[in-house]
Amino acid sequence: RLAVRHIGGRQKRFLRMIDFRRNKKDVSGRVVAFEYDPNRNVDIALVQYVDGEKRYILRPLEMKLSDEVISSEDAEIKPGNALSLAKIPIGTLVHNIELTPGRGGQIVRSAGSAASVMAHENGLAHIKLPSGEVRKVSSKGFATVGQLGNEGFKNIKLGKAGRARQEADLLFATTG
């Protein structure tokens, strides 16, 4: 079906399966590569776990190549590690937050965004979202520590409508 006359399709984009659930518990992994994903505005990190499996995660700001990451109840508070909100200290920046435990991260997944843990009470964690809203979320849900990278994405000026339809590589070349 023709939606707009004189305008063709866009560059083909292959889907990268991102691990929003971080359900590989107590298995450490090493960051082996950072990649561009044309389907989102934040870069992704390829993590190879000690059992040989590879998965993509969203790349936090301070993450470097060959960093160790783990998803565990008693993980260290460092960028890229995922742990339950009950174990995260107040004031820590987090992203990829689960609204329902076990469902996978649903909020705070955009480039440069981070939420802050404000308080813990009655099995709920108070999270201050990037919009300023304070939301109560189950403390059993997992979140990933750190602010997401590529925070300069919001400053890119496309300039014309055709630029949004061009190759993803062109957009990536301007962001670095």
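Which residue in β10 does Ser116 stand opposite? I looked this up before anything else. Ser116 stands opposite Lys128. I note that the model is a predicted one.

**Entry: overall make-up**

I counted elements next. The protein has twelve strands and two helices. I read the pattern along the sequence as β-β-β-β-β-β-β-β-β-β-β-β-α-α. I took the extent of the C-alpha trace along its principal axes: about 55 × 40 × 30 Å. The protein has 176 residues, and 38% of them count as buried.

Strand β9 covers residues 115–121, and β10 covers residues 124–128. The two pair in the antiparallel sense, over five bridges. They form a hairpin, with two residues between them. I checked phi in the turn: Asn122 has a positive value of about 50°.

β9 has a further partner. Two bridges join it to β6, residues 93–95, and these strands run antiparallel. There I found Val94 with Ala115 as its bridge partner in β9.

**Entry: nonpolar cores**

Which residues of the largest nonpolar core touch the most other members? I listed Leu85, Ile88, Val94, Ile97, Ala115 and Ile127, out of 16 residues in that core. Another core lies apart from it and has nine residues, including Ile44, Leu46, Tyr56 and Leu58.

I then listed the contacts of Ala115, not counting residues up to four places away in sequence. Ala115 touches Thr92, Leu93, Val94, Ile97, Val108, Ile127, Lys128 and Leu129. Val94 is on this list and is also the bridge partner of Ala115.

**Entry: the four-stranded sheet**

I traced an open sheet of four strands. Its order is β3-β2-β1-β4, and the pairing is antiparallel. The edge strands are β3 (54–58) and β4 (68–69), and each pairs on one side only. β2 holds residues 44–49 and pairs with β3 in the antiparallel sense over five bridges. Within this pair, I found Ile57 of β3 as the bridge partner of Ala45.

**Entry: Asp37**

Is Asp37 buried or exposed? I found Asp37 in the loop between β1 (29–35) and β2. Its relative accessible area is 0%, so Asp37 counts as buried, the cut-off being under 20%. I asked what surrounds it. Leaving aside neighbours within four places in sequence, Asp37 is in contact with Arg16, Ile18 and Ile44. Ile44 is also one of the residues of the nine-residue core. The Asp37 side chain makes a polar contact with the side chain of Arg40, at 2.7 Å. I also took one C-alpha distance. Asp37 and Val50 are 13 residues apart along the chain, and their C-alpha atoms are separated by 24 Å.

**Entry: rings and charges**

How many aromatic pairs does a search of the whole structure find? I got zero. I turned to charges over rings. The charged end of Arg59 sits over the ring of Phe34, 3.7 Å from its centre. The charged end of Lys24 sits over the ring of Tyr49, at 5.7 Å from the ring centre. Tyr49 falls within β2, residues 44–49.

Conventions:
Residues are numbered from 1 along each chain as its sequence is written. This is a predicted model: local features need pLDDT of at least 70, side-chain atom pairs count only at pLDDT 80 or more; totals for chains, interfaces and linings use all residues. Side-chain values use heavy atoms; hydrogens and water are left out. Two strands pair if DSSP finds at least two bridges between them. Rings of Phe, Tyr and Trp (its six-membered ring) pair if their centres lie within 6.5 Å; planes under 30 degrees apart count as stacked, over 60 as edge-to-face and the rest as tilted. A charge sits over a ring if NZ of Lys or CZ of Arg is within 6 Å of the ring centre and within 35 degrees of the ring normal. A nonpolar core is a set of buried Ala, Val, Leu, Ile, Met, Phe, Trp, Tyr and Cys residues joined through side-chain atoms within 4.5 Å. Buried means under 20% relative accessible area, exposed over 50%, partly exposed in between (1.4 Å probe, protein chains only). Contact means heavy atoms within 4.5 Å. A polar contact is a pair of N or O atoms within 3.5 Å; within protein, one must be able to donate a hydrogen and the other to accept it, and residues adjacent in sequence count only if both atoms are side-chain atoms.
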